[in-house]
Amino acid sequence: MPATKRATKRGRKKGISIYRPFIFGSIAKHLDPNTRASTINADHTHQWTLYVKPCPPHPDLSYFIKKVQFKLHETYTNSLRTIEAPPFEVTETGWGEFEVQIKIYFVPEANEKPQTIWHHLKLHPYGPDAERQRERKEPVISECYEEVVFNEPVEAFYELLTTSGGGGVGRGKGSKGSKQMNVGGGRGDRVAELPFEGTYSQKEEGRELDRLGDAIKTVEIMVKDERRKLEEREKTLADLRSEEGAAVKAR
């Protein structure tokens with residue numbers, strides 16, 4: 001997500017790109033009817049939190065992010081929520097999933113325009129383990145990794161970025177020293193969605209291969225069973241034709 005420069009007369013660091021990673025997403029959990037507050041709307045089934053948070057091991061975003069604005073579904077009271085200090089998050093209750101517009105405003109030193117990203121609020125688990133997740137009443141986590149790239153930052157902001165937090169500095173686009181990912185931040189653009197249990201491990205890959213292997217074996221057994229049934233039907237049909245032929249000859 002490349003940041004968009006504002007017009008400025010202040011000097012910029014020519015040929016320099018600095019990226020800063022962060023995570024945005026949501027966590028939702030089913031409301032327990034035995035413990036839910038009486039003030040919660042009777043139609044609401046879940047409590048959820050939307051957030052923009054640091055990417056470990058970096059603990060802070062506030063040195064380059066001034067505020068974050070979450071645009072909720074229009075049915076919510078005060079649907080435009082602005083969070084001006086960490087943690088940049090909004091917690092609500094509801095019953096439906098919807099698209100959330102997240103607008104990130106940078107600190108004044110950045111002299112950069114705000115950037116917009118989109119997130120689909122998920123309340124229900126998806127995938128092969130969805131039923132078990134529902135039975136276990138596990139929280140539904142949906143989050144994405146994103147990087148904002150500041151191309152040729154103004155000198156004051158360059159000093160701020162290089163003395164606070166973590167990330168990468170590259171010289172020029174596409175250089176070996178640059179880790180920038182110019183992924184889009186607009187609606188419909190793709191970012192890296194993070195799996196529920198962190199990075200996709202070899203162990204998880206092995207489990208998925210085992211599941212695929214079991215499914216293939218099941219299909220092979222079903223195919224063999226259908227072939228056996230077909231052979232039995234063909235034999236029965238051949239016997240009937242043979243008996244019919246014998247009866248005709250006897251006449």
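A salt bridge is taken here as a side-chain nitrogen of Lys or Arg within 4 Å of a carboxyl oxygen of Asp or Glu. By that criterion the structure holds 12 salt bridges, and one of them joins the side chains of Arg132 and Asp129 (2.5 Å, N to O). The structure is a predicted model, in which local features need pLDDT of at least 70, side-chain atom pairs count only at pLDDT 80 or more, and totals for chains, interfaces and linings use all residues. Residues are numbered from 1 along each chain as its sequence is written, and side-chain values use heavy atoms, with hydrogens and water left out.

**Overall architecture**

- The protein contains three helices and 10 strands, where helices (H or I, at least four residues) and strands (E, at least two) are DSSP runs numbered from the N terminus.
- Along the sequence, these elements follow the pattern β-β-β-β-β-β-β-α-β-α-β-β-α.
- Of the 251 residues, 32% count as buried; buried means under 20% relative accessible area, exposed over 50%, and partly exposed in between (1.4 Å probe, protein chains only).
- Among contacts (heavy atoms within 4.5 Å) with a separation of 6 or more, 71% are made by residues 24 or more positions apart.
- The protein exposes about 16200 Å², of which carbon and sulfur atoms supply 52%; accessible areas come from the Shrake-Rupley method with a 1.4 Å probe, and for residues only the protein chains shown count as cover.

**Strands E1 and E8**

- Strands of a sheet pair through backbone hydrogen bonds, either parallel or antiparallel.
- Two strands are treated as paired if DSSP finds at least two bridges between them; strand E1 (residues 16-30) and E8 are joined by 12 bridges and run antiparallel.
- Within this pairing, Arg20 stands opposite Val148 of E8.
- Strand E8 (residues 140-151) is largely enclosed by the rest of the structure, because 10 of its 12 residues are buried.

**The four-stranded open sheet**

- Four strands form an open sheet in the order E4-E3-E6-E7, with antiparallel pairing.
- Strand E4 (80-83) and strand E7 (115-120) are the edge strands, each pairing on one side only.
- Neighbouring strands of this sheet are turned by 20° against each other on average, direction ignored; the axes are lines fitted to C-alpha atoms, for helices over the stretch in contact, and angles run from 0 to 180 degrees between N-to-C directions.
- Strand E3 (residues 65-71) runs antiparallel to strand E6 (residues 99-106), and six bridges join them.
- Val68 has Ile104 in E6 as its bridge partner.

**Salt bridges**

- Side chains of opposite charge can pair when their charged atoms come close.
- In the Arg132–Asp129 salt bridge, Arg132 is partly exposed at a relative accessible area of 44%, and Asp129 is partly exposed at 24%.
- Arg136 and Glu138 also meet through their side chains in a salt bridge (2.5 Å, N to O); Arg136 is partly exposed at 44% relative accessibility, as is Glu138 at 26%.
- Asp225 forms a salt bridge with Lys229, with the closest N and O atoms 3.5 Å apart.
- Both Asp225 and Lys229 lie in helix H3 (residues 202-250), four residues apart, about one turn of the helix.
- Asp225 counts as partly exposed at 27% relative accessibility, and Lys229 is partly exposed with a relative accessible area of 31%.
- Elsewhere, salt bridges that share partners join Asp129, Arg132, Arg136 and Glu138 into one network.
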